[in-house]
Every structure is written in C-alpha cells, then in structure tokens.
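The questions below take the labels one at a time.

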Amino acid sequence: MARKNLNDLLGFVTVAREGSFTRAAASLGVTQSALSQSVRGLEERLQIRLLTRTTRSVSTTAAGERLMRAIGHRFDEIETELDALTALRDKPAGTVRITCGDHALQNILLPRLSPLLREYPEITLEFDMNYGFRDIVADRFDAGVRMGNTIHKDMIAVPIGPPLRMAVAASPEYFAEHPPPKVPKDLTAHRCINQRMLTSGGLYVWDFERRGRKVNVRVDGPLIFNTSPPQVDAALAGLGVALLPEDELMPHVVAGRLLRVLEDWCPEFAGYHLYYPSRRQPSPAFSLVVEALRFRA
C-alpha cells in the first residue's frame, strides 16, 4: 500500500506541474487513463479533491496546492540524490535539461558540448528551444541560457560567451529605395522586421545607446517573428531592416549581402550566461556541462 501511495503522489505532483494529464502521462511513461485513475484513487483515499479538471486545463485546488508545497520538493530532492549517485559510476551519466534560444544553441552550446558527448556517451542533453523567460525551477530544467543582464540575482550565472553587440542592417536593394537612418529615431520611417516577445506578448522595443545617451524606438513593419533565423532571411530578401546580435548578421555584411547602419549606437553588453539555482551536490554530468560551457577569454 505504501508503494502505491508513493506512485499516486508522484502522479499527482507531475500532473500539477504539467497542468495536463496528457503531458504528465507522457513524462511518466504511463497511459493517461492509468494516471487519471491513480490520481482519482488518491483523492478518494484522502476524501478531498486535489485537482480541478476542465476540458482545456488542470489546476490544483487549495488542498492540492497545500499538498504540492508539502511534498513537491521532496521528489526533487530524491531525484537530485539519485543523480548524485552517478558519481559512484565509472563514468558520469544522466540527463541534463537546458532551456535556451536557437542562436545560443547553434553558436555556443552544440559546439562546446559535442566533444563532451563523445567523451561521455552515457550523458544525455535535452534542449528546450524557447525565447520566453522560463521558470527553470518550476519547469524542472537543470539550467537556462539568457543574456547576463536579464538573470535574477538569486540564480548562479556563469558566462558562456563574450560580450555581445547588436547590429542594424538591411539589404543594399532596400537602402537603394529608402535612405539609410542616421539616428535611431529615423527608423520610425522604415519598414522594420519585428520580434514578438513570448514573455510579455508585446513587440520588442529597439534600444540604443551612445555616449551615455539611451534611446528606445518602437518600430513598425510588415513582418513579425518570434525567433531570429527568419528575421535574417527577411532582411536578405530586402523586406526590411533587422536588429539582431552582431554575429548573426556580420557574415552577410562582410559578403556585401547586407549593409550595416547605426553602428555607433550599438555598444557592447553582457553576453550569454548559463544560469541555475544553487545546488548542494550537483550531478557529475551537470558539473561537466557547466565546465564545458564556461567562457574563458
């Protein structure tokens, strides 16, 4: 009976975190009907409803929220201790989950971590491609990647890349029809390629700085994306002006496919950092990942 109670509690915690029986069942490797029956059995034994179910979502009741606060972190502690046992193996093993954007993945994470995977074949890396500010604790990620100036102070932040600069550019064909901007405010008269911010839902405000003077510009244009690769493609196609990290645009600038403007309004800023909560005993696999990614100038 004790083992069944433990399994049922794990099922409840997973559903509460995922907000979905479907996702929770996939995470646990069980059928949705079996998981639903397990949670229902737990509620019957406790004689109290723990979850509120609708056709679109699942949320915790007041009793369910109280139970989550009491036991949710216990399962995390058990998982952490089990991961730590890999230190006793001949080689580090286990899964490390990281949420990041595609630019950081392609330019930093994959190049640095590929040798690690070849050396330690029992390590598995799972990447969540996301431009929103994920709660890595609630979503059970081991770490996330963000620009250094956007990380909460209660997180450990490790630089994994050099300082970055933004770049503004468009195709020669575009600037042949539209006079290049001389100051940031000129961009309001241009067709700009926008980015939707997943966290706030609003459009990205283009920010600039020169000699301590900061300028924010709300631009307009025919295209809105939530990732950077299509913004590069749109700029190359002559559809508007793009603002992106310098290294995404510079190969095309050097080749003459794009023309850069407002360079003196784009200062350096803190680059990509790996961030994660403090751990008493990180797994050997996670420690290897951190060291492989750590930026050394």
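Q: Which residue in β15 stands opposite Val 158?
A: Val 158 stands opposite Leu 274 in β15. This is a predicted model, in which local features need pLDDT of at least 70 and side-chain atom pairs count only at pLDDT 80 or more, while totals for chains, interfaces and linings use all residues. Residues are numbered from 1 along each chain as its sequence is written, and side-chain values use heavy atoms, with hydrogens and water left out.

Q: What makes β6 and strand β15 a pair?
A: Two strands pair if DSSP finds at least two bridges between them, and β6 and β15 (residues 272-276) are joined in the antiparallel sense over 4 bridges, so the two strands count as paired. Strands here are DSSP runs of E with at least two residues, helices are runs of H or I with at least four, and both are numbered from the N terminus.

Q: Why are β4 and β6 said to stand at the edges?
A: The open sheet of 5 strands has mixed pairing and the order β4-β3-β5-β15-β6. Because β4 (123-129) and β6 (156-159) each have a single partner strand, one side of each is left without a neighbour in the sheet. From one strand to the next, the twist averages 30°.

Q: Across which strands does helix α5 lie, and at what angle to β4 does the helix run?
A: Helix α5 (residues 102-119) lies across β3 (94-100), β4, β5 (143-147) and β15, running at about 180° to β4. Such angles run from 0 to 180 degrees between N-to-C directions, with axes fitted to C-alpha atoms, for helices over the stretch in contact, where contact means heavy atoms within 4.5 Å.

Q: How do you know that Cys 192 is in no disulfide?
A: A disulfide is a pair of cysteine sulfur atoms within 2.5 Å, and the structure holds 0 disulfides. For Cys 192, the nearest cysteine sulfur is that of Cys 266, 13 Å away; for Cys 266, the nearest is that of Cys 192.

Q: Why is Cys 192 called buried, and what of Cys 266?
A: Buried means under 20% relative accessible area, exposed over 50%, and partly exposed in between (1.4 Å probe, protein chains only). Cys 192 has 0% relative accessibility and therefore counts as buried, and Cys 266, at 5%, counts as buried too.

Q: Why is Arg 140 called partly exposed?
A: Arg 140, in the loop between β4 and β5, has 30% relative accessibility and so counts as partly exposed. Arg 140 also has a positive phi of about 60° although it is not a glycine. Most residues other than glycine have a negative phi.

Q: What makes Leu 262 buried?
A: Leu 262 has a relative accessible area of 6%, and is therefore buried. The residue is placed in the loop between β13 (259-261) and β14 (268-269), and its phi, near 55°, is a positive value in a residue other than glycine.
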